[in-house]
2 protein chains.
Amino acid sequence: MTELRREPITRMWVGIETDSPKGPSDYLPFKQDYRPHESGGPCPFCPGNEGMTPPETFSIGKEGGGWSVRVVPNKSPFFHVEGDFDRRPEGMYDLMEAIGAHEIVIEAQEHDRNLATLEADQIGKGLLAYRERLRDLTRDRRFQQFLIIKNHPGVFNRHPHSHLMALPVVPKIIDEEISGTLDYFQRKERCIYCDMIREELSLGKRVILETGHFLVFSPFASRYPFETWIIPKIHSSDFHSIEPELIGDLSRAIQSLFGRFHRLFSDPSYGLTFHTSPVQARHRPEYHWHIETRLRIGLREGFEWGTGFFVNPTPPEDAAAYLRESE
Amino acid sequence: MTELRREPITRMWVGIETDSPKGPSDYLPFKQDYRPHESGGPCPFCPGNEGMTPPETFSIGKEGGGWSVRVVPNKSPFFHVEGDFDRRPEGMYDLMEAIGAHEIVIEAQEHDRNLATLEADQIGKGLLAYRERLRDLTRDRRFQQFLIIKNHPGVFNRHPHSHLMALPVVPKIIDEEISGTLDYFQRKERCIYCDMIREELSLGKRVILETGHFLVFSPFASRYPFETWIIPKIHSSDFHSIEPELIGDLSRAIQSLFGRFHRLFSDPSYGLTFHTSPVQARHRPEYHWHIETRLRIGLREGFEWGTGFFVNPTPPEDAAAYLRESE
């Protein structure tokens, strides 16, 4: 990618690849087939193939030598760290260079593991790697938003990994959440997520599990069947300020949730994103970091892409009951 | 569906099916497979099987007898016309009954046609059916928004058809467009879409084709590769006020565009939605109806669902050039 362009009506930033643009023939082999597939050949994330990736930006060692978690720059990044940070007009439109960071967190040595089958301790090392990289990246004042996104299986590789990005703009969904939470805070002087946690704990019907520090629940207006949020029970606006002693608790919550998904749907495809406060405004009283997860199950009607109108055939109360019972 | 629930932070309405909720076993056969498939058995939209659908709400006859276009209520509607229109709280949340209309427009007798292979005249009859149904539905004061959505192939049936819905709420994307256009209008006293049409016509590089009354172009911040918008050149806020004499021109523009998609991508899967003004506020000076189309090509990274951050590997200038040349 080389450009960020702003859609002038809804003011959403879109990344456009102008360096090596794809034409129709690049899309033909994948016609109507969204399913991920592995490329074949050696896996660049497996031990022994470290030379296939750029040098590490961070790693956690294994007892007895070698690595347990590695973080490397993405070989085909959406963003480049170098370049001019110029926002400029193009006619009536807005444009900027795609300055940013795009790293890959390789979460284990084992190729065929995922959040349901990794040890909680290993999941914790991945979370610690996120935290350390984000804390380092906060020093670059050009970055406005961090994104951590994990897909299982990955689009081109099923080796357990996540994408960690630092963007020079705040993406649409985070921007909307900030506006929504600010609006609520101005009326109530309380964080809406904190109120939601209280409400869900008192009702119980959408709660999946609770640990010492985290609540795992199905949100009231779930857009996707079995949509699940993981949220710290104590107010905190950004993930990278998490105390290391909470990481063990969070990794057990994640492992338990994905173990339940695994049992109910037998190795489903899933996605997970961290929602955390924009970088340069820390400790917001109105915003509350959390993780949103989505299972890729079922056929969607395809209405939501053009309308933002989601239809969900599984009420969150039912989803939470199935997940609670699948311990 | 029986409920509309409002997500409290971003205030998006989500449809939740509480009548016949789906559990994990309902999703297992479709694991990781989003591809549409036909159910087998007779097609309820083919001639001779009219008894398989509810009675028509509208139809256009064929010369020599029979029908050319039929509109029928959806057998599994998301919305019900009957019921109480009560908005109510549930704890801290907002809820309402899913009152509305959900009809299917059967756009031709032929099972294996689509917008690329139908005659322009036949496409025009489908457009006329949309117009007539919407004009009838405007009389119900409970409806706030019309949606017309077409997927090819349909999720469960490839017979050419569209979904036409009347909602008691304004879905998120339309709501954002209204806010964005209103904001622009307040600053400039001009419609932003009208300005965009002027800009695109003067630059030319993102124009695909132009007819007497319509412009077909690739938008500056295209979220999807080969995303295309079709827009009337003269300001008009709602589709259903279209003059019948413009329908022929629009159907030729649609047929030409989808013919180009067909040649470049050999019968691609696609979606198309009409963006039109909320029902109860007609003739908005700031809003401009249009059609947005999306090809379902390529593998997406899966970042956009959790972030609203789209990455597009084909710049709109390239997409427009390919489509212009594929006449």
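Copies are superposed by least squares on the C-alpha atoms of residues with pLDDT of at least 70 in both. This is a predicted model, in which local features need pLDDT of at least 70 and side-chain atom pairs count only at pLDDT 80 or more, while totals for chains, interfaces and linings use all residues. Residues are numbered from 1 along each chain as its sequence is written, and chains are lettered from A and ligands numbered from 1 in the order in which they are written.

**Both chains.** Display chain A and chain B together. Chain B is superposed on chain A by a rotation of 180° with 0.0 Å of shift along the axis, at an RMSD of 0.0 Å. The two copies are therefore related as by a two-fold rotation axis. The same surface serves both copies, since 100% of the contact residues of chain B recur in chain A.

Chain A has seven helices and 15 strands; helices (H or I, at least four residues) and strands (E, at least two) are DSSP runs, numbered from the N terminus. The radius of gyration of chain A, taken over C-alpha atoms, is 20 Å, close to the 20 Å that the globule rule (2.2 Å times the number of residues to the power 0.38) gives for 327 residues, so chain A is as compact as a globular protein of that length. Along the principal axes, the C-alpha atoms of chain A fill a box of roughly 55 × 50 × 40 Å.

Select residues 58-61 and 67-73 of chain A, which are strands S3 and S4. These strands run antiparallel and are joined by four bridges; two strands pair if DSSP finds at least two bridges between them. Phe58(A) stands opposite Val71(A) in S4(A). Five residues lie between the strands of this hairpin, where Gly64(A) takes a positive phi near 90°.

**The contact between the chains.** The contact takes 77 residues from chain B and 77 residues from chain A, two residues being in contact if their C-beta atoms, placed from the backbone, lie within 7 Å. On the side of chain B that touches chain A, select helix H3 (residues 172-188), which gives the most, with six residues. Finally, select strand S15 (residues 310-312) of chain A with strand S2 (residues 13-16) of chain B: the two pair in the parallel sense over three bridges. Asn312(A) stands opposite Ile16(B) in S2(B).
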